[in-house]
Amino acid sequence: MNWYKKIILSSKNIQFPDDIEEQIDEISNKTVEYYFSQQNEKIFGGTFNFINPYNNQLNSIPTIIHPFTIEFKNTIAIFNPQKRILSIFPYHHNIKDINPSNFFNYIKSYIYHEITHAIDPKFLIEDWWRNRQDVDYLLREEEFDAYSKQIEQTIKNNINDINIENLKMWLKTDNTDLMPGCLKDHLDIIQYWKINKPIYMKKLKQRLYNFFIG
Ligand SMILES: [Zn+2]
């Protein structure tokens, strides 16, 4: 890999445009509504519009909400970097006791991840993401960047004194048992990085420290 490509691919703490959170909430709400009204048509959920901080241009990301779609049955949301479209599959969830409030948080977390891809400057460079299939999914820089934003969002969503105390303890040690309880859904990924890419663990902890404590 040449130096130029390495810089393009490097991991970044993706900076979110100011009003993106409200737009995520809006589309999450629309998705929850869609799900509970048991619709079976593909619908246009809206467009994310933001000035991308990495190229200062207006980005518009159309968002489509889908009915159950067998070929994507393991996908909740996906960003297509070629068409720059976000697709959401609310019927593919695996929540047992579903209600509008837990489903909102669930969907929001996935949209958060995908919108990170849409903002990520790596995805703004034409075709860089091609031929990446041979890179282990969880070790891809773009996935690390999106999951670390998603993890940050999960803590933000569950912020209280206990979780912050646990976060502080966990950041000081190497013991994943000390992680805040709200991160339990991310445990497998965090363990995977710990074993296979310790530098990601270090960066994740740095990002969380800077955001919540520093
Ligand atoms: Zn991803």
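Which residue in S4 is the bridge partner of threonine 63? The partner of threonine 63 is leucine 86 in S4. This report sets that pair in the context of the sheet, the cores and the loops.

The structure is a predicted model, in which local features need pLDDT of at least 70 and side-chain atom pairs count only at pLDDT 80 or more, while totals for chains, interfaces and linings use all residues. Residues are numbered from 1 along each chain as its sequence is written.

## Overall layout

The chain holds seven helices and four strands, where helices (H or I, at least four residues) and strands (E, at least two) are DSSP runs numbered from the N terminus. Along the sequence the pattern reads α-α-β-β-β-β-α-α-α-α-α. A compact globule of 214 residues would have a radius of gyration near 17 Å, and the chain agrees, with 17 Å. That radius is taken over C-alpha atoms, and the globule rule is 2.2 Å times the number of residues to the power 0.38. Along the principal axes, the C-alpha atoms fill a box of roughly 50 × 45 × 35 Å.

The domain assignment gives domain 1 (20-124) and domain 2 (158-213); such bounds come from an automatic or database domain assignment. Taken over C-alpha atoms, the centres of domain 1 and domain 2 are separated by 25 Å.

Buried residues make up 28% of the 214 residues in the chain. A residue is buried if 20 or more other C-beta atoms lie within 10 Å of its own, exposed if 12 or fewer, and partly exposed in between, with C-beta atoms placed from the backbone. Two residues are in contact if their C-beta atoms, placed from the backbone, lie within 7 Å. Among contacts between residues at least 6 apart in sequence, 60% join residues at least 24 apart.

## The sheet

Four strands form an open sheet with mixed pairing, in the order S1-S2-S4-S3. S1 and S3 are the edge strands, each pairing on one side only. From one strand to the next the twist averages 20°. Two strands count as paired if DSSP finds at least two bridges between them. S2 and S4 run parallel and are joined by three bridges, whereas S3 and S4 pair in the antiparallel sense over four bridges.

| Residue | Partner in S4 |
|---|---|
| Threonine 63 | Leucine 86 |
| Asparagine 80 | Isoleucine 85 |

H2 touches S1, S2 and S4, and its direction makes about 170° with that of S1. H3 touches S1, S2, S3 and S4, and its direction makes about 10° with that of S3. For these angles, axes are lines fitted to C-alpha atoms, for helices over the stretch in contact, and the values run from 0 to 180 degrees between N-to-C directions.

## Nonpolar cores

A nonpolar core is a set of buried Ala, Val, Leu, Ile, Met, Phe, Trp, Tyr and Cys residues joined through C-beta atoms within 7 Å. The largest has 22 residues, of which Ala77, Leu86, Ile88, Ile111, Ile115 and Ala118 touch the most other members. The elements giving two or more residues to this core are helix H2 (20-36), strand S2 (57-65), strand S3 (77-80), strand S4 (85-88) and helix H3 (100-119). H3 supplies the largest share, seven residues.

Leaving aside neighbours within four places in sequence, alanine 77 is in contact with Leu86, Ser87, Ile88, Phe89, Tyr110, Ile111 and Glu114. A second, separate core has 12 residues, including Ala146, Leu183, Tyr200 and Leu208.

## Loops and turns

S3 and S4 form a hairpin with four residues between them. Arginine 84, in the turn, has a positive phi of about 50°. Arginine 84 is partly exposed, with 16 other C-beta atoms within 10 Å.

Asparagine 56 also has a positive phi, of about 55°, although it is not a glycine. Asparagine 56 lies in the loop between strand S1 (43-52) and S2, and counts as exposed because it has 7 C-beta neighbours inside 10 Å.

Asparagine 40 is found in the loop between H2 and S1. With 10 C-beta neighbours inside 10 Å, asparagine 40 counts as exposed. Asparagine 40 and proline 67 are 27 residues apart in sequence, and their C-alpha atoms are 4.9 Å apart in space.
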